[in-house]
Amino acid sequence: METVVTESASIAAARINRGEVVAFPTETVYGLGADITNEKALQKIFTAKGRPPDNPLIVHIHSPEQILEVASEITEASEILIRHFFPGPLTLILRKKRSVSPLISAGLPTVGIRCPSHPVAAAFLRQCNHPIAAPSANISGRPSSTDWEAVYEDLKGKISCVLKGSQSTIGVESTIIDCSVDPPRMLRSGAVSLESLQQIVPGITAAGTVEDEQHPRSPGLKYPHYSPSARIKLCGEGYPDCKGEKNSAWIGLSTPPEGIKKMVVCRNIEEYAYKLFSFFRECDREKIAVIFCEMPPEREIGRAIRDRLLRAAEEHHG
Ligand code: TXA
Ligand code: MG
C-alpha cells in the first residue's frame, strides 16, 4: 500500500471517512486513527500495529459535546475534569454506550475519551464524520512516535496516510483517569500531573504503576512498551552508578560520566519528556547498544518519564 504524507487535514479526513487508517499529530504523541463506526477500519489499526486485540483504543473527539456519542453517562468528577483539562493531554475512562464497538473497548464496559488540544488534530477531527479511535502510531512495543518521520519509519506501506505536523510538544502519552470508579483512579501518568488533578478532584488515587502490575486495570499496561532495540539501563538516585561503555548513550538532567558516545542533557523535566522517545529512535538508527537513562524526580511529568523508563527497561520473555 502506498502511504501518502500530507499536510492537509481535509485530505487526511477524507481518507478516514472512506474507511482508511490515518496517522495524525497530537500534543502528546502521534495517533493512528480509524472511524469508530467502521469495524473493518478499526481492525486495520490492530493489523498495522501488530497490536494485541485485548488492548482497548482511546476515542478522540474535537469538542466535549461529542462525549455522549460514546459514553453512556458523565460522572460528577469527570464533568469537573472535562471543564479543567479538555482539550488537553488527559484521557477519561467512562461507561460506554452499547453502540461502541468491542474492538474499541476490548470487551470492557468502559471507553477511553480524549480531546486533543493540538490545532492540526482539532482541524482534522472536525472534518471527520465521527469520533476517531486511535492508539499511538507506532509498531506495538516500540517507543511512541513523536514526529511524522517516526510514524513513517514504523508504518510506511501499512497505512493509507500520515497527516504531517510538527513534533509533539509534550512527548509522552496522555494521563489516563478511570472515572467509572469512585473515587477516580489514575491508570497512567502523563503531562497532567497527579498533583494538579488532586487539587481539583481531591479523592483521585494513583494506580497503574509498574509495581501494581499484578492487577492492571488498563489492559495495555501489561504489555512491553516503549522499547528501543538498545538496552535501557536506569541510573541516578537509588540506581546503580553508570559507567560509560563502548557504544553507549545518555539521556538525563545531569552531565554523564566519561566514555559516552552520544548524549542529551535536558534543562528540565519537560524537555526530558519532549526528547525521550525521539532519542530512543535516534539511538536505534545509530545502532547504539546501551542507553543510560537518568531517573528524574518523581513529580509532575517526571512521574510519567519514570513510568515509561521503568517499562522500557523491563526484560520481557516471550
Ligand atoms: O496521548 C495519548 O493517549 C495517545 C494519543 C494518540 O492520544 N494515545 C495513546 O494510545 O497513548 P495507546 O493505545 O498507545 O494507549 C492507550 C492506553 C492503553 O494502555 C489502553 O489499555 C488504555 O489506554 N485504555 C484504553 N481504553 C481503556 C479502557 N476502557 N479502560 C482502561 N484502559 C483503557
Ligand atoms: Mg501506545
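Trainee: Where in this predicted model is Pro 87 found, and what kind of peptide bond joins Phe 86 and Pro 87?

Mentor: Pro 87 is found in the loop between helix H3 (76–85) and strand E5 (90–95), and the bond that joins Phe 86 to Pro 87 is a cis peptide bond, with omega at about -10°.

Trainee: What makes the phi of Ala 106 worth a remark?

Mentor: Phi of Ala 106 is near 55°, which is a positive value in a residue other than glycine, and most residues other than glycine have a negative phi. As for its place, Ala 106 lies in the loop between helix H4 (102–105) and E6.

Trainee: How do you know that E9 and E10 pair, and in which sense, parallel or antiparallel?

Mentor: At least two bridges are required before two strands are said to pair, and strand E9 (residues 175–178) and strand E10 (residues 185–188) have three bridges, in the antiparallel sense. Within that pairing, Ile 176 has Arg 188 of E10 as its bridge partner, and the two strands form a hairpin with six residues between them.

Trainee: How many bridges join E10 to strand E11?

Mentor: Two bridges join E10 to strand E11 (residues 205–206), and these strands run parallel; with at least two bridges needed for a pair, E10 and E11 meet the requirement. Here Met 186 stands opposite Ala 206 in E11.

Trainee: What is the order of the sheet of 11 strands, and which pairing does it have?

Mentor: The order is E1-E8-E2-E3-E7-E4-E6-E5-E9-E10-E11, in an open sheet with mixed pairing. Strand E1 (4–6) and E11 are its edge strands, each of which pairs on one side only. Among the pairs, strand E4 (residues 58–60) and strand E6 (residues 110–114) are joined in the parallel sense by three bridges, with Gly 112 of E6 as the bridge partner of Ile 58.

Trainee: Why is H1 called oblique to H5?

Mentor: The axes of helix H1 (residues 9–17) and helix H5 (residues 119–127) come within 8 Å and cross at roughly 45°. That makes H1 oblique to H5, because angles under 35 degrees would count as roughly parallel and those from 65 to 115 as roughly perpendicular. H1 passes H5 in a right-handed crossing, and the contact is made by Ala 9, Ser 10, Ala 12, Ala 13, Ile 16 and Asn 17 of H1 with Ala 123, Phe 124 and Gln 127 of H5. By class, the residues of this contact divide into six nonpolar, three polar and no charged.

Trainee: Why are H8 and H9 described as roughly parallel to each other?

Mentor: H8 and H9 pack at an angle of about 25°, with their axes 9 Å apart, and angles under 35 degrees count as roughly parallel; the two helices are therefore roughly parallel to each other. H8 passes H9 in a left-handed crossing, and their contact includes Leu 276 and Phe 280 of H8 and Ile 305 and Leu 309 of H9. This contact of H8 with H9 has 10 nonpolar, one polar and two charged residues.

Trainee: Which strands does H8 lie across?

Mentor: Helix H8 (residues 269–285) lies across E12, E13, E14 and E15, and runs at about 165° to E13. Helix H9 (residues 301–313) also packs on the sheet, where it touches E12 and E15 and its direction makes about 130° with that of E12.

Trainee: What makes E12 and E14 the edges of their sheet?

Mentor: Four strands form this open sheet in the order E12-E15-E13-E14, with parallel pairing. Strand E12 (231–235) and strand E14 (262–265) each have a single partner strand, so one side of each is left without a neighbour in the sheet. From one strand to the next, the twist averages 15°. Between them in the order, strand E13 (residues 248–252) and strand E15 (residues 290–294) run parallel and are joined by four bridges, and Trp 250 has Phe 292 of E15 as its bridge partner.

Conventions: Residues are numbered from 1 along each chain as its sequence is written. Chains are lettered from A and ligands numbered from 1 in the order in which they are written. This is a predicted model: local features need pLDDT of at least 70, side-chain atom pairs count only at pLDDT 80 or more; totals for chains, interfaces and linings use all residues. Side-chain values use heavy atoms; hydrogens and water are left out. Axes are lines fitted to C-alpha atoms, for helices over the stretch in contact, and angles run from 0 to 180 degrees between N-to-C directions. Contact means heavy atoms within 4.5 Å. Angles under 35 degrees count as roughly parallel, over 145 as roughly antiparallel, 65 to 115 as roughly perpendicular and the rest as oblique. A crossing is left-handed if the near helix is turned anticlockwise from the far one by less than a right angle, and right-handed if clockwise. Ala, Val, Leu, Ile, Met, Phe, Trp, Tyr, Cys and Pro count as nonpolar, Asp, Glu, Lys and Arg as charged, and the others, Gly among them, as polar.
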